[in-house]
Amino acid sequence: MNKNISIRLFCEVTLTVGDKINLEPEQSHYLKNVMRCKINEKILVFDNCTGEYTAEIMHVHKRSIDIEVLEKTKSRYVPGDVWLIFCPLKKTRTDFLIEKSTEIGLRKFLPTFSNNTQTKIVSLNRSRRNIVEAVEQCGGTFIPEILPISSLADVIEELPEERILIFCDESLESRNISECLLLERPAKVAILVGPEGGFSDSERKLLIAKKNVLPVSLGNRILRAETAAVVALTMWHSMVGDWLKKEDHRNHES
Ligand code: SAM
């Protein structure tokens, strides 16, 4: 990361060196009124396709700011091929789950509702804002997508055959996740975490019966769903995913 530039903004447009961009009102307000940026100040900008660039503030208008894209600092880095299937939690806990999972790294969020899910509502706009802010903060250059909510049965049905479903099973009867990942080393996964009320027996039976499902235990205590998501993602990245890659992916050519 460009250590001496602290402000990073996501631009929906595809960026090229030399581009002159009139920033969105919200981003202009943030730079002008919150961060008190001045003309000639440098910021970092990134899109979700080519990578990150330095940019210079060229004009500060009443309600908008013009920047010029100066130099590419790193290419887009796509995280390891992991999805997260999660049940919506109470608002701030869903926010936490979305933010921390994005920081750790994943490609897709699949909200789902199961028998014990207490809420079937996920605000996609709010979640997408949380995702973008987390990527801006953590130096990422890839924006994971979040899908509209669907039933657990549909999500499992539509999961591509080659993708292993890592079923976080709080019954504590499954093998420990580290042992499973060491043995199976699944490179393309979807991690499934249940709701506050856990999975029902019928859901557990349905899941365990499927051939591409890997039931795992996350230790011998019951974690909150958002904690389970963080733990499972961390274990996968550290044993199979990004953290095993040798090259310095901060300058990864994708
Ligand atoms: N029924 C309990 C409850 O109401 O607290 C457990 C639900 S737990 C809070 C939510 C989800 O986190 C579970 O469905 C499971 O996916 C995951 N989880 C929590 N602790 C776990 C563990 N020790 N091993 C595997 N998964 C776990």
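## Salt bridge between E12 and R128

R128 is partly exposed, with a relative accessibility of 35%. This value, like the others here, comes from a predicted model. The side chain of R128 pairs with E12 in a salt bridge, with 3.4 Å between the closest N and O atoms. E12 sits in the loop between β1 (8–10) and β2 (20–22), and R128 belongs to helix α3 (residues 124–138), so the bridge ties together parts that are 116 residues apart in sequence. E12 is exposed at 61% relative accessibility, because the class begins over 50%.

## Salt bridge between R163 and D81

R163 and D81 form a salt bridge with an N to O distance of 2.9 Å. R163 lies in the loop between α4 (152–158) and β10 (164–168). D81 lies in the loop between β5 (65–75) and β6 (82–86). The pair therefore ties together parts that are 82 residues apart in sequence.

Are these two residues buried or exposed? R163 is buried, at 5% relative accessible area. D81 is also buried, at 11% relative accessibility. Both values count as buried because the cut-off is under 20%.

K100 and E103 form a salt bridge, and their closest N and O atoms are 3.0 Å apart. Both residues are in helix α2 (residues 91–104). They are 3 residues apart, so about one helical turn separates them. K100 is partly exposed at 22% relative accessibility. E103 is partly exposed as well, at 32%.

Some bridges share partners. D81, R107, R163 and K188 are joined in this way into one network. The whole structure holds 19 salt bridges.

## Ligand surroundings

A backbone N or O atom of C168 is 2.7 Å from a ligand oxygen. A polar backbone atom of L223 lies 2.9 Å from a ligand nitrogen. For G219, a polar backbone atom is 3.1 Å from a nitrogen of the ligand.

How much of the ligand does the protein bury? Taken alone, the ligand exposes 560 Å², and the protein buries 84% of that.

Note on methods:
Residues numbered from 1 in each chain as written. Predicted model: local features only at pLDDT ≥ 70, side-chain atom pairs only at ≥ 80, totals over all residues. Heavy atoms only, no water. Polar contact = N/O pair within 3.5 Å; in protein donor to acceptor, adjacent residues only side chain to side chain. Areas by Shrake-Rupley, 256 points an atom, 1.4 Å probe, with all protein chains shown as cover. Salt bridge = Lys/Arg side-chain N within 4 Å of Asp/Glu carboxyl O. Helix = DSSP H or I, 4+ residues; strand = E, 2+ residues; numbered from the N terminus. Buried < 20%, exposed > 50% of the residue type's maximum accessible area, 1.4 Å probe, protein only.
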